[in-house]
Amino acid sequence: MREFIKARKNFKAGAIIAGILLFMALLSLFWTPYDPEKMDAASKLAGVSLAHPMGCDNFGRDILSRVMTGLRTTVVIAVGTVGIGAFFGSIIGSLTGYFGGTFDEIVMRVNDVLLAFPAVLLALVMVSLLGGGKYNVILALGIAFVPSFARMVRGEVMRCKDLDYVKNARLQGARDLRVIFVHILPNVMPVILSSVLIGFNNAVLAEAGMSYLGIGVQPPDASLGRMLSEAQGYLYGAPWYALFPGLILVLLILGVSLMGNE
Amino acid sequence: MKKKSLALLLSVVLTTVAVALGGCAGDKQEESSQITIGIPQDIEDSLDPMKATAAGTKEILFNIYEGLVKPDSDGNLNPAVASEYTITEEGKVYTFTIRDGIKFHDGSEVTADDVVYSLNRYADEQSGDALASAFSNIQSITAPDRKTVTITLNEPNADFLSYLTASVIPASNADPDTVAIGTGPYKYVSRSPQENIILESFDEYWDKDNAPQIKNITLKVIANADTIVTELNGGSIDMFCRLSSTQVSQLSDNFDVYTGTMNLVQALYLNNAVEPFNDVRVRQALCYAIDQQGILDMAFDGQGSIIGSAMYPTFGKYYMPELENAYPTDVEKAKALLAEAGYPDGFTFSITVPSNYQPHVDTAQVLAEQLKAVGVTANINLVEWASWLSDVYSGRQYEATVIGVDASMLSAGALLDRYRSDASGNFMNFNSASYDVALDAAESSIVDEEKTASFKECEQIISDEAASVYIQDMVNLVALNNKYDGYVFYPLYVQDFAKLHLK
């Protein structure tokens with residue numbers, strides 16, 4: 001019981017942190033303190049002040065505004081990535097897990113090969129083929145995330161497919177696809193959801209890593225990883241430039257992890 | 001057992017260190033001297049001085065190869081592979097005497113045949129080299145004896161001597177692409193792709209007054225501009241050229257900073273062959289839309305000299321200061337021109353920038369911001385240096401790019417020749433018949449005033465046609481660890497490693 005309460009506390013804390021950050025990201029759609037791309041020579045690398053709570057970058061752009069839009073970019077990429085990964089992963093995983101046989105063998109061996117590469121490495125290759133930019137990053141990371149979801153869903157579906165309620169449904173004459181998507185998949189959902197949260201965190205980190213390496217989001221667009229990369233040259237002179245995007249990144253991952261631990 | 005092997009290892013290490021230290025003590029310090037210099041890009045194109053296109057490659061090859069004559073830091077042309085030369089009065093026949101005892105890095109002596117072979121390579125129309133057009137003026141290159149080379153021109157050309165800085169390589173070198181043999185102060189040792197290039201001083205270098213003083217040079221490739229300061233302060237590189245003022249402000253006290261000019265034409269180069277930049281009004285509109293001083297203030301702490309055409313101030317008499325303000329910043333005029341060209345609401349294009357050059361990346365960001373004022377959206381596309389070379393420079397598959405273009409020779413023609421309609425280096429696809437005429441007139445002119453006037457006409461056409469959006473010749477800030485001394489600036493885009501020495 002005590003464990004359970006503690007877990008609830010973690011979940012609440014995580015939900016509050018993630019909620020605030022999501023709100024900031026959403027807010028940036030309508031309002032930011034300054035235009036995130038407006039340059040101002042007078043406030044180049046200006047420090048933390050009331051006018052600029054997170055300071056300014058090397059072009060005098062307000063870091064808070066950029067963090068807000070950057071956070072949005074990062075969240076959009078992470079959600080898109082996990083969405084693609086979970087959607088296609090679930091379909092592939094449930095089909096292979098349910099039908100089995102040669103089809104399963106072939107698809108899952110290909111899947112294993114893909115899994116053998118780190119997801120980020122796969123995404124790097126794809127981005128260098130497709131070119132950078134927000135949507136290509138989503139596509140590249142999304143595809144790279146499919147195999148792990150497929151494997152996880154397949155295992156769950158295999159476990160469920162011989163349970164009584166599935167046999168029952170089949171005896172009633174339900175077709176295979178109906179059994180998979182109406183009877184089995186909803187029961188696998190909790191497992192998928194928790195791995196979606198973990199996957200979200202991985203996607204945030206992957207995007208930050210790719211943008212940091214300069215092949216993700218392109219300037220002048222902001223993303224948290226891109227900002228960290230740009231801030232690197234000013235670590236000594238303007239530490240706030242790197243500090244705030246980094247801090248927000250950590251908080252986002254912390255919040256979502258706490259929720260996922262539940 | 002484990003302890004025993006550890007002890008063994010320790011004793012081996014200690015012995016090695018002792019031997020090494022002993023060895024050091026015996027040597028003169030100069031001989032074991034070494035320096036690690038950071039470079040922004042690997043040699044991707046070729047070690048062949050004729051095929052090398054990247055300024056970053058050529059500035060390294062400057063230390064490996066020499067021509068009959070060689071530029072010095074004041075812009076004079078001094079005899080190098082040739083010990084002396086005579087030019088006949090009407091300026092048509094050049095006679096060079098090969099320096100006594102001058103050797104290639106492989107130990108063989110330089111003969112007149114090597115010189116004839118090297119120059120003929122450049123003169124070959126098929127070579128595609130920018131020099132080919134200048135060398136088409138050559139009637140004959142002959143070697144009357146082992147020590148003499150005679151070059152006869154069709155038409156006298158006052159600028160011709162500067163083209164003879166073209167590198168001399170041994171005729172016996174079958175594969176100059178990967179085997180670098182020259183007569184320069186440093187010889188090429190090895191290259192690890194994307195990692196480093198190793199040079200070693202050439203003991204038999206002919207010029208004892210300017211002999212290399214540092215024995216081993218490691219050129220370390222630092223493709224990520226963000227890490228330069230960390231690498232310098234951390235001590236893994238001793239020198240880096242072309243730093244930004246922000247980078248310099250973060251250097252530790254261990255560095256001396258030298259200030260010069262980069263000798264580059266930095267511009268937003270536009271591909272004149274693609275829509276909408278095939279319309280001169282659009283190109284002019286962009287020129288009016290941007291604020292060069294704003295770029296300098298924003299990204300270069302106000303340092304740098306604004307230019308208005310494809311020529312930088314170091315060229316003295318060829319430089320036209322009046323073009324600097326040919327397109328004053330005027331948003332309304334820019335909008336009007338865009339509307340006239342059929343883009344009343346602006347348009348969207350992408351600027352392809354090599355990500356290893358932070359100054360160009362910064363410039364592109366400021367440009368994108370400035371262009372918003374006239375309704376033009378510029379997306380920035382960062383690419384690696386290798387893909388920039390292949391897609392933008394060679395392939396010409398781009399809309400716009402920010403880069404700096406250098407002069408390979410101390411001649412105005414070296415900068416202006418690339419704007420000829422059919423020039424191999426004309427990556428902006430500039431095409432103007434009147435320009436080609438003016439350039440021909442300049443290159444064939446004998447009288448210095450006429451030549452200068454024609455070159456100026458070329459610059460004027462480039463400016464009028466708004467071939468690209470010219471920005472500046474950037475300030476060159478060089479950080480050198482204060483253990484070393486002797487960095488010198490050249491009026492060209494080169495690095496002279498031979499001048500560096502320990503304090």
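This is a predicted model: local features need pLDDT of at least 70, side-chain atom pairs count only at pLDDT 80 or more; totals for chains, interfaces and linings use all residues.
Chain B contains 16 helices and 21 strands. Its radius of gyration is 25 Å, close to the 23 Å that the globule rule gives for 503 residues, so chain B is as compact as a globular protein of that length. Along the principal axes, the C-alpha atoms of chain B fill a box of roughly 85 × 65 × 35 Å. Of the 503 residues in chain B, 50% are buried. When contacts in chain B between residues at least 6 apart in sequence are considered, 69% of them join residues at least 24 apart.

Three domains are assigned in chain B. The centres of domain 1 and domain 2 of chain B, taken over C-alpha atoms, are separated by 30 Å. Eight residues from domain 1 of chain B and seven residues from domain 2 of chain B take part in the contact between these two domains. On the domain 1 side of this contact, seven residues are nonpolar, none is polar and one is charged.

Chain B includes an open sheet of seven strands with mixed pairing, in the order E8-E9-E10-E1-E11-E19-E12. Its edges are formed by strand E8 (186-192) and strand E12 (255-261) of chain B, each of which pairs on one side only. On average, and with direction ignored, neighbouring strands of this sheet are turned by 20° against each other. Strands of a sheet pair through backbone hydrogen bonds, in either a parallel or an antiparallel arrangement. In chain B, E8 and strand E9 (residues 196-201) pair in the antiparallel sense, over six bridges. B:Tyr188 has B:Leu199 of E9(B) as its bridge partner.

The contact between the two chains involves 17 residues of chain B and 16 residues of chain A. On the chain B side, the elements that give two or more residues are helix H8 (245-249), helix H10 (292-299), helix H12 (358-371) and strand E16 (377-383). By class, the residues of chain B that touch chain A comprise six nonpolar, eight polar and three charged.

Definitions and conventions
Residues are numbered from 1 along each chain as its sequence is written. Chains are lettered from A and ligands numbered from 1 in the order in which they are written. Domain bounds come from an automatic or database domain assignment. Ala, Val, Leu, Ile, Met, Phe, Trp, Tyr, Cys and Pro count as nonpolar, Asp, Glu, Lys and Arg as charged, and the others, Gly among them, as polar. Two strands pair if DSSP finds at least two bridges between them. Helices (H or I, at least four residues) and strands (E, at least two) are DSSP runs, numbered from the N terminus. Axes are lines fitted to C-alpha atoms, for helices over the stretch in contact, and angles run from 0 to 180 degrees between N-to-C directions. The radius of gyration is taken over C-alpha atoms; the globule rule is 2.2 Å times the number of residues to the power 0.38. A residue is buried if 20 or more other C-beta atoms lie within 10 Å of its own, exposed if 12 or fewer, and partly exposed in between; C-beta atoms are placed from the backbone.
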